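Work through the exercises below with the coordinates open. Each task is followed by a solution in steps.

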Amino acid sequence: MKELSLNILDIAENSVKAGASLTEIRIEEDETHLTLVIKDDGCGMSEEVVKSVTDPFYTTRTTRNVGMGIPLLKMEAEITGGSFSITSKSQDEYPNDHGTTVTAVFDKTHIDFTPLGDVSASILTLIQGHPDTDFLFIHKLADRTVTLDTREIREVLEGVPIGSYEIIKWIEGFLDEQYTNQEE
Amino acid sequence: MTVSELIEKAGFKAATLPEPDKEITGVYIGDLLSWVMGRANSGDVWITIMSNMNILAVASLADTACILVAEDVELSQDLLTTAKQKNINVLLTELGAYEAAVKISKLI
């Protein structure tokens, strides 16, 4: 995709569809690499399904549950000489510890590296679209760490819907402040 | 014009041609697969230099007439086997995307 933030949106949507109550989105950047981890506590997948989700034809069936997001993310990571992995524990086999983790590592110095883009916008879209599930977003940069935990915000809100315009606007400012704040 | 007629008239190579009679109505050029997915039209000759398995899924989703791989990019046997299974025409040319499109434009 044109920006990694769109991939993040797509993969996290899969997590929500899998019934996740918490979806964690972690981005860690250093000088040369970007590591993206999306982890959920949704229903997970059997080993057989995990193997097939990187197959673009599995995902393009009309009855599909996932989009082309996984094969495209894998390709984008591998094009830079990075790596991709997906692990999952299905609810049937692991009733107390289930979910899926997608990990992609990119070499940022590769000329075909897809820029991260507006990741804040993706996070806001997710929260607004799925106000009843929680998201933990952690973006580690060289000089700062940007964090957003909807569970903490929810606690403060005391019943005010998190997807409402005012709250989304507030979260937008909260993220923006963390990204632009000079004192750290 | 059909894909097999195009091959004959334009001198492209057929890497695999499971649906030779598919009708060609246009051309789309692009390498960013997520972009192509939403923009290539049914019946297009899709010109690209990408050669991984995902291009077959994109061609299938967009229902393009064929994929035309430009600049003689090498294709894996795996890709060709899958293309055949999924009924996706894959053509090859040594031309660049622009030259190939110009050639097609004169024919259709």
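**Exercise 1.** Determine in which sense strand 1 of chain B and strand 5 of chain B pair, and over how many bridges.

Step 1. Strands (E, at least two residues) and helices (H or I, at least four) are DSSP runs, numbered from the N terminus. Two strands pair if DSSP finds at least two bridges between them.
Step 2. Strand 1 of chain B and strand 5 (residues 90-92) of chain B are antiparallel, with three bridges.
Step 3. In this pairing B:Thr16 lies opposite B:Val90 of strand 5.
Step 4. Helix 4 (residues 77-85) of chain B packs on the sheet and touches strand 1 and strand 5 of chain B. The direction of helix 4 makes about 80 degrees with that of strand 1 of chain B. Contact here means C-beta atoms, placed from the backbone, within 7 Å; angles run from 0 to 180 degrees between N-to-C directions, along axes fitted to C-alpha atoms, for helices over the stretch in contact.

The model is predicted: local features need pLDDT of at least 70 and side-chain atom pairs pLDDT 80 or more, while totals for chains, interfaces and linings use all residues. Residues are numbered from 1 along each chain as its sequence is written, and chains are lettered from A and ligands numbered from 1 in the order in which they are written.

**Exercise 2.** Give the strand order of the sheet in chain B and state which strands stand at the edges.

Step 1. The sheet is open, has five strands in the order 1-5-4-3-2, and its pairing is mixed.
Step 2. Strand 1 (13-16) and strand 2 (26-29) of chain B each have a single partner strand, so one side of each has no neighbour in the sheet; these are the edges.
Step 3. From one strand to the next, the twist averages 30 degrees.
Step 4. Strand 3 (residues 44-48) and strand 4 of chain B run parallel and are joined by four bridges. B:Ile47 is opposite B:Leu68 of strand 4.
Step 5. Strand 4 (residues 66-69) of chain B is covered on both faces: B:Cys66 and B:Leu68 on one side, and B:Ile67 and B:Val69 on the other, are all buried. Buried means 20 or more other C-beta atoms within 10 Å of the residue's own; exposed means 12 or fewer, and partly exposed in between.

**Exercise 3.** Identify which side chains of strand 2 of chain A are buried, and describe the pairing of this strand.

Step 1. Side chains alternate along strand 2 (residues 33-40) of chain A.
Step 2. Strand 1 (residues 22-29) of chain A pairs with strand 2 in the antiparallel sense over seven bridges. A:Ile38 is the bridge partner of A:Ile25, and three residues separate the two strands in a hairpin.
Step 3. Strand 4 (residues 99-107) of chain A is also antiparallel to strand 2 of chain A, over eight bridges; here A:Leu34 is opposite A:Phe106.

**Exercise 4.** Describe how helix 1 of chain A packs with helix 5 of chain A.

Step 1. Helix 1 (residues 4-17) and helix 5 (residues 119-129) of chain A pack at about 20 degrees, with axes 8 Å apart.
Step 2. That angle makes helix 1 of chain A roughly parallel to helix 5 of chain A (angles under 35 degrees count as roughly parallel, over 145 as roughly antiparallel, 65 to 115 as roughly perpendicular and the rest as oblique).
Step 3. Helix 1 of chain A contributes A:Ser5, A:Ile8, A:Leu9 and A:Ala12 to the contact, and helix 5 of chain A contributes A:Val119, A:Ala121, A:Ser122, A:Thr125 and A:Leu126.

Definitions and conventions: Contact = placed C-beta atoms within 7 Å.
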